[in-house]
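Q: I would like to learn how to read charged pairs, helix faces and cores in a protein model. Could we go through them one at a time?

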Amino acid sequence: MLKETKINWPDYYHPRNAQIHVKNAVPNKVPAERVWACLIKAPCWPTWKNKATSVQLLNGNGLELEKGTVFLWKTKKLQFECTVVEFVPNKKIAWKGKSGSIDMYHAWKLGCQADGCSIITETTQRNGISWLTKFFLPKQINSYHKHWLEELQQQAR
């Protein structure tokens with residue numbers, strides 16, 4: 001039976017207020033603790049054949065995300081400065097980020113199942129030129145998230 005945790009969307013980033021909202025989910029046969037251990041090691045993300053070109057933690061222990069961690073996340077086209085705003089070990093993590101005038105919120109939820117956990121990721125974007133990019137960017141984000149979920153599963157095995 002799936003026990004799901006809820007995303008505590010700040011009103012500003014809530015999907016109803018965003019131009020872009022993308023959600024991806026995948027069942028997984030690996031325990032949540034192992035998935036979580038990989039997910040919070042953000043500096044390792046680029047080694048997963050992920051399209052994140054670099055991640056640099058600017059505070060904290062420099063190795064793992066935790067509530068309040070500020071990090072630079074350089075994707076293929078943008079660099080975001082992010083802050084971890086929600087952190088419930090083995091259940092959920094979320095960060096807000098900014099790149100120029102683009103505001104984003106990215107959340108991960110792990111739901112317990114009898115044979116592993118479900119992994120759900122959701123992101124919203126607003127401002128910048130998202131009024132225009134909302135017509136094509138969700139498809140790219142969806143593809144990026146699918147790849148990230150696949151790689152996260154591989155790393156956690």
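A: We can begin with a definition: a salt bridge is a side-chain nitrogen of Lys or Arg within 4 Å of a carboxyl oxygen of Asp or Glu. Please keep in mind that this is a predicted model.

Q: How many salt bridges does a search of the whole structure find, and which residue forms one with Lys-29?

A: The general idea is that side chains of opposite charge can pair when their charged atoms come close. The search of the whole structure finds five salt bridges, and one of them joins Lys-29 to Asp-115, with 3.0 Å between the closest N and O atoms. This pair links distant parts of the chain, since Lys-29 sits in the loop between β1 and α1 while Asp-115 sits in the loop between β6 and β7, 86 residues apart. Lys-29 is exposed, at a relative accessible area of 68%, whereas Asp-115 is partly exposed, at 41%.

Q: Which parts does the salt bridge of Lys-41 and Glu-64 tie together?

A: The side chains of Lys-41 and Glu-64 meet at 3.9 Å, N to O.

Q: Are Glu-86 and Lys-92 buried or exposed?

A: Both Glu-86 and Lys-92 are buried, and their side chains meet in a salt bridge with an N to O distance of 3.0 Å.

Q: How many residues has the largest nonpolar core, and which elements give two or more residues to it?

A: The largest nonpolar core has 32 residues, and those with the most contacts inside it are Trp-45, Leu-65, Phe-71, Trp-73 and Trp-95. The elements that give two or more residues to this core are α1, β2, β3, β4, β5, β6, β7 and α3. A second, separate core has six residues, among them Ile-7, Trp-9, Ala-94 and Tyr-105.

Note on methods. Residues are numbered from 1 along each chain as its sequence is written. This is a predicted model: local features need pLDDT of at least 70, side-chain atom pairs count only at pLDDT 80 or more; totals for chains, interfaces and linings use all residues. Side-chain values use heavy atoms; hydrogens and water are left out. Helices (H or I, at least four residues) and strands (E, at least two) are DSSP runs, numbered from the N terminus. Buried means under 20% relative accessible area, exposed over 50%, partly exposed in between (1.4 Å probe, protein chains only). A nonpolar core is a set of buried Ala, Val, Leu, Ile, Met, Phe, Trp, Tyr and Cys residues joined through side-chain atoms within 4.5 Å.
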